[in-house]
Amino acid sequence: MDYQLESILLSGVDPARPIVIAGPCSAETEEQVLSTARGISSCGVRIFRAGLWKPRTKPGGFEGVGSEGLNWLKKVKQETGMYTTIEVANREHVFSALKAGIDILWIGARTAVNPFAVQDIADALNGMDVPVLIKNPVNPDIELWIGAIERIYRAGIRRIGAVHRGFSSYDNKGYRNAPHWQVPIELRRRIPNLPILCDPSHIAGKRDLIHPLSQQAMDLKFDGLLIETHCSPDTAWSDAQQQITPDQLSQLLSALIIRDMDRPSKNLAELRSKIDGIDDQLLALLSARMQVAAEIGLYKKANNMPILQTTRYGQIIEQKSTMAKSLKLDQDFIREIMQAIHEESVRQQMKIVSE
Ligand code: PEP
Ligand code: MN
């Protein structure tokens with residue numbers, strides 16, 4: 001599908017990277033919203049976020065202040081001039097937000113995962129002209145993410161952005177939601193003109209990872225950041241551990257190194273061509289390996305042997321992981337690669353045996 005997207009989400013917001021959206025996880029009280037907004041506005045941030053309807057894992061937690069918070073956001077806008085954005089999860093939220101003059105809507109991760117819910121929102125948006133940000137679905141399924149983007153696009157929305165907020169899994173390696181950067185990178189390849197923001201707060205789940213994740217996102221050429229910020233993070237009614245103060249936000253933003261990656265130096269071009277050459281060799285080696293695997297497949301077929309020999313498989317993984325260590329390669333990374341290669345060899349051999 002050829003997306004004709006508008007590159008600027010909001011007029012008056014400097015299109016130079018990064019677009020920064022900051023604000024509390026949840027609007028709690030009028031005072032908390034306004035005090036946080038004043039602090040954020042003085043950091044030079046132009047877009048204020050707050051959740052009014054909160055999707056909670058279990059019932060009984062704080063589920064948001066609901067439409068009452070819309071008036072507080074109106075006051076934020078009047079007083080600070082910042083644009084405002086809230087999460088919408090159904091058509092009623094969309095209508096209330098638009099009626100209250102909210103400037104950007106965002107679709108949360110738990111909604112993006114559900115095509116019924118996304119379609120409901122898309123139907124409510126039909127014919128409207130408002131920017132919509134679409135967070136990645138909780139599971140790392142790029143087709144589902146693109147499907148949500150396509151539903152909103154088909155409703156006529158042309159100012160669309162994506163937000164990478166990490167993915168839920170059993171092994172999150174210290175993150176609340178593991179980043180799996182290859183997914184947003186693939187999204188950029190599939191829809192090149194789509195602005196992609198990073199939400200380091202929901203990836204991290206804790207304060208100390210927010211700065212390094214934000215820097216990583218900038219190094220990967222993300223277009224902006226969405227950072228949960230609260231006037232008193234420790235007493236926040238939701239996501240307390242991952243929110244930072246407006247002062248911390250200000251420090252983080254001024255410490256960010258924004259690299260200009262559009263003008264590669266000669267040296268970088270040389271290094272890239274070296275990488276291209278190495279990648280070619282990797283592919284040639286993989287092809288040679290698959291040919292040998294195919295020969296083994298023929299041998300197993302002729303001798304009526306099973307394809308998968310688990311001891312052999314275990315040996316390969318163990319040997320290569322020891323070798324990885326002496327080559328100063330990450331052992332988990334090599335294990336994953338060897339597993340993928342082995343799986344592909346088995347797939348090829350199964351084909352041969354069933355022919
Ligand atoms: C949020 O931004 O507060 C939120 C609920 O995020 P997500 O949908 O990414 O979990
Ligand atoms: Mn949150």
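**Ligand surroundings and salt bridges in a predicted chain**

At 23% relative accessibility, Asp120 counts as partly exposed, since this class lies between buried (under 20% relative accessible area) and exposed (over 50%), computed with a 1.4 Å probe and protein chains only. The model is predicted, so local features need pLDDT of at least 70 and side-chain atom pairs count only at pLDDT 80 or more, while totals for chains, interfaces and linings use all residues. Residues are numbered from 1 along each chain as its sequence is written, chains are lettered from A and ligands numbered from 1 in the order in which they are written, and side-chain values use heavy atoms, with hydrogens and water left out.

Asp120 meets the side chain of Arg91 in a salt bridge, at 2.7 Å from N to O. A salt bridge is a side-chain nitrogen of Lys or Arg within 4 Å of a carboxyl oxygen of Asp or Glu. Because Arg91 lies in helix H3 and Asp120 in helix H5 (residues 115-125), the pair ties together parts that are 29 residues apart in sequence. Arg91 is itself partly exposed, at 28% relative accessible area. In total, the structure holds 17 salt bridges.

In another of these pairs, the closest N and O atoms of Lys77 and Asp103 are 2.7 Å apart. This pair links distant parts of the chain, 26 residues apart: Lys77 is in helix H2 (residues 68-80), and Asp103 is in the loop between helix H3 (91-99) and strand S4 (104-107). Lys77 is partly exposed at 32%, whereas Asp103 is buried at 13% relative accessibility. Arg190 and Glu186, by contrast, both lie in helix H7 (residues 182-190), four residues apart, or about one turn of the helix. Their closest N and O atoms are 3.8 Å apart. Glu143, Glu186, Arg189 and Arg190 are linked in a network of salt bridges.

The chain as a whole has 13 helices and eight strands; these are DSSP runs numbered from the N terminus, helices (H or I) having at least four residues and strands (E) at least two. Of its 355 residues, 44% are buried. The C-alpha trace spans about 80 × 45 × 40 Å along its principal axes.

The residues around ligand 1, each with a heavy atom within 4 Å of the ligand, include Cys25, Arg49, Trp106, Ala109, Arg110 and Arg165. By class, this shell has three nonpolar, two polar and seven charged residues. Oxygen atoms of ligand 1 lie 2.8 Å from a polar backbone atom of Ala109, 3.0 Å from a polar side-chain atom of Arg110 and 2.6 Å from an N or O atom in the side chain of Arg165. The protein covers 97% of the 300 Å² of accessible area that ligand 1 has on its own.

Arg49, a member of this shell, belongs to strand S2 (residues 47-49) and is buried, with a relative accessible area of 0%.

On the surface, Met323, Leu327, Leu329, Phe333 and Ile337 form a nonpolar patch with about 450 Å² of accessible area together. Leu329 lies in the loop between helix H12 (310-326) and helix H13 (331-354), and is partly exposed at 37% relative accessibility.

Definitions and conventions: A polar contact is a pair of N or O atoms within 3.5 Å; within protein, one must be able to donate a hydrogen and the other to accept it, and residues adjacent in sequence count only if both atoms are side-chain atoms. Accessible areas come from the Shrake-Rupley method with a 1.4 Å probe; for residues, only the protein chains shown count as cover. Ala, Val, Leu, Ile, Met, Phe, Trp, Tyr, Cys and Pro count as nonpolar, Asp, Glu, Lys and Arg as charged, and the others, Gly among them, as polar. Patches are made of residues with over 30% relative accessible area and no salt bridge: like charges are joined within 9 Å, nonpolar side chains (Val, Leu, Ile, Met, Phe, Trp, Tyr) within 5 Å.
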